[in-house]
Amino acid sequence: MNWASWSEFWAMGGDGLYVWSAYLVALIVAATEIGVLALSRRAILQHLGRFTTLKRSSVRATGDNDAAR
Amino acid sequence: MARNALPKFGKGIFSWRTRGIGDLATYGAVPPLRFAGIRLNPGSGKAWAWLLLSLRITFEAYDDMPSCTSALSRSESQAPLRQEGTVLEGCYRRAGKLAPWFGWISATLWAGGLYLVFSVAPADPGRGEHYRIAFIHGPATWISMLIYVLMVTAAATELRTRQRLASMLASALAPTGAMFAFISLWTGSLLGKPVWGVWWVWDARLTSELLLLFLFLGFIALKEAIDDTGRADRATGVLALVGLVGLPLLYFSVHWWRSRQGVPIPDVRIDGGGGVTAAIVMLTISLSLACYTVAAALTRLRIVILERERGSAWVSSGRV
């Protein structure tokens, strides 16, 4: 362990601003990417779900099996 | 390291000191490599091999120029590969199974890496605590370059074999690559300020990493701008191949232009770290970022497959 106390750890020998903004921004950017991935996955699944239910309902309404393809 | 003894080239801010292209051994950073009594120059050999390889791939892609150019005006639906739907479906499922594993491995390695960076690695009296930024800066730069190479490989595969899965993989890798290029620039700036007193200089390293970020962003923008996916794949593939030629410049500039950056961090031994060298810390973080890349790219690949295959039977049947 290099640090005697937490305040010393956060200060990073006077370079705290540089060190912590580097690691924090890296984490924020990665977290943003994960969030965007989760949102776009949900969006495409919702879109597909609506798409398939629409198709299925049109099959049921018209009895036209070709519409499902 | 006696930097002043090195020959100086150029003038003013355009000057640099070097002792030959990529000759790491002269700095004592790596032991001199000998083969059959001949001393090999590791840096320059790799640089030339890389340059030739990238040119070769570019020319290979242009080799079937007629099919390449006609492909630019052809839509992808005209040449579907047989069984491609089955391949894509299998890939979609396998990616879904693999991605969480890579995610967890990445998180574990990241936790271990942070422990090494902040707890095991001792204070460096010569550098100050800001040297800990290098443990994210270096790996982010490496991974951004690695992603670019993977992306170009996928794009070149698409240009040659017209497998749409390859181009989907390329577009799944691009945003993560842009992210790591951004992290590399951001952390590099924060590392540069306390060391040299400036946030940014237009030297070869920083400029080529900025170029890499723009290549990723240009790749994404071009893909989005062209509606016909087949044409978009080909145009972005050619863009990625052309950009590949500039990559060795970035990779070897750390050894070629030593004016700003001292010895690459992995060469520095951490004394008192219980046998842990900086290279081990770097490797742990790099592996973590690599696993993150795989997890993110596989997750995005699943989204891209769904978006581009939404008309196919296996997607619209609601089995996803």
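Trainee: Which residue just after α4(B) takes a positive phi?
Mentor: That's R162(B), at about 60°, and R162(B) isn't a glycine. Keep in mind that this is a predicted model, where local features need pLDDT of at least 70, side-chain atom pairs count only at pLDDT 80 or more, and totals for chains, interfaces and linings use all residues. Residues are numbered from 1 along each chain as its sequence is written, with chains lettered from A and ligands numbered from 1 in the order in which they are written.

Trainee: Where is R162(B) found?
Mentor: In the loop between α4 and α5 (164–196) of chain B. Helices are DSSP runs of H or I, at least four residues, numbered from the N terminus.

Trainee: Why is R162(B) called buried?
Mentor: Buried takes 20 or more other C-beta atoms within 10 Å of a residue's own, with C-beta atoms placed from the backbone. R162(B) has 20, so it's buried.

Trainee: What makes α4(B) mostly covered?
Mentor: Of its 28 residues, 20 are buried.

Trainee: How do you know that the span of helix α7 of chain B agrees with what it should be?
Mentor: The expected span is 1.5 Å times one less than the number of residues. With 16 residues (229–244), α7 of chain B should span 22 Å, and its end C-alpha atoms are 22 Å apart, so that agrees. Among the buried residues of α7(B) are G230(B), D233(B) and L244(B).

Trainee: How does helix α4 of chain B compare with the length expected?
Mentor: Helix α4 (134–161) reaches 40 Å from its first C-alpha to its last, close to the expected 40 Å.

Definitions and conventions. Helices (H or I, at least four residues) and strands (E, at least two) are DSSP runs, numbered from the N terminus. A residue is buried if 20 or more other C-beta atoms lie within 10 Å of its own, exposed if 12 or fewer, and partly exposed in between; C-beta atoms are placed from the backbone.
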